[in-house]
Amino acid sequence: MSDFDPRKDEDRAYLAGALTAYALGLKPEEVLSGGRGSPAEARARQVAMYLLRASLGMSLSRVARAFSRDRSTVSHACHVIEDLRDDPDFDIWVEQLSVGLCSVAVLGGASFDDARVACAG
C-alpha cells in the first residue's frame, strides 16, 4: 500500500468518502465502490463528491477522475446535495463535514495555500 497523501486527488476522494461513510455509519469501501450500491451508499458518495467540489475547490473533472465517474455524474451529485442543503439540519451536517475535510486537507502540506483558500471561500 502506498503512503496516504492528501495532495493527491484519489487520496482526497478516499478521505471525503471515509469521512462521509463514518458520519453515516457506513464502510468506506461501500461509499467508494465502483458500483451504484444502495441508495444510502449512493447518497454518501454524492456528499463526498460535493465536499471535494465545494469545500476543496476541485474541478468536476478532477472529482470525476478521483471517483472513477463521469463529469456529468459529479455535476448531478453537486446539484442534488446543493438542493438538499435547503434543509437547515442537512446544511449544518454538510458544513461540519466540510470543516472536518478542510482541517485535514490543510494539513496536507504543499497545497496548503490552495486548500486554505478553497476552504475559506
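Residues are numbered from 1 along each chain as its sequence is written, and side-chain values use heavy atoms, without hydrogens or water. Because the model is predicted, local features need pLDDT of at least 70 and side-chain atom pairs count only at pLDDT 80 or more, whereas totals for chains, interfaces and linings use all residues.

The protein has seven helices and zero strands. Helices (H or I, at least four residues) and strands (E, at least two) are DSSP runs, numbered from the N terminus. From that end on, the elements run α-α-α-α-α-α-α. Of the 121 residues, 41% count as buried. Buried means under 20% relative accessible area, exposed means over 50%, and partly exposed lies in between (1.4 Å probe, protein chains only). The accessible surface comes to about 6,800 Å². Carbon and sulfur atoms hold 53% of that surface. The areas come from the Shrake-Rupley method with a 1.4 Å probe; for residues, only the protein chains shown count as cover. Contacts (heavy atoms within 4.5 Å) were also sorted by sequence separation. Among those between residues at least 6 apart in sequence, 57% join residues at least 24 apart.

The structure holds three salt bridges. A salt bridge is a side-chain nitrogen of Lys or Arg within 4 Å of a carboxyl oxygen of Asp or Glu. One of them joins R62 and D9, with the closest N and O atoms 2.6 Å apart. R62 lies in helix α4 and D9 in helix α1 (residues 9–24), so this pair ties together parts that are 53 residues apart in sequence. R62 is partly exposed, at 29% relative accessible area. D9 counts as buried, at 16%.

R85 takes part in the other bridges. It pairs with D91, the closest N and O atoms being 2.6 Å apart. It also pairs with E95, where the closest N and O atoms are 3.4 Å apart. The R85–E95 pair links distant parts of the chain. R85 sits in the loop between α5 and α6, E95 is in helix α6, and ten residues separate the two. Through shared partners, salt bridges join R85, D91 and E95 into one network. D91 is partly exposed at 27%, and E95 is partly exposed at 38%.

Helix α6 (residues 88–106) also holds F90 and W93. A search of the whole structure finds one aromatic pair. The rings of F90 and W93 have centres 5.7 Å apart and planes at 40°, so the pair is tilted. Rings of Phe, Tyr and Trp (its six-membered ring) pair if their centres lie within 6.5 Å; planes under 30 degrees apart count as stacked, over 60 as edge-to-face, and the rest as tilted. The two residues are three apart, about one turn of the helix. F90 counts as buried because its relative accessibility is 18%. W93 has 24% and therefore counts as partly exposed.

E41 lies in helix α3 (residues 39–56). This residue is buried yet has no salt bridge. Its nearest side chain of opposite charge, R45, is 5.2 Å away. For charge, Lys and Arg count as positive and Asp and Glu as negative; His and the chain ends are not counted. The side chain of E41 does reach the backbone nitrogen of S38, at 2.9 Å. Not counting residues up to four places away in sequence, E41 touches L26, E30 and V31.

A66 is found in helix α4. At 15% relative accessibility, A66 counts as buried. The C-alpha atoms of A66 and E10 are separated by 4.6 Å, although the residues are 56 apart along the chain. Leaving aside neighbours within four places in sequence, A66 is in contact with D9, E10 and A13. D9 is also the salt-bridge partner of R62.

S68 belongs to the loop between α4 (60–67) and α5 (71–84). Its phi is near 55°, a positive value in a residue other than glycine. S68 counts as exposed, at 64% relative accessibility.

Note on methods: A polar contact is a pair of N or O atoms within 3.5 Å; within protein, one must be able to donate a hydrogen and the other to accept it, and residues adjacent in sequence count only if both atoms are side-chain atoms.
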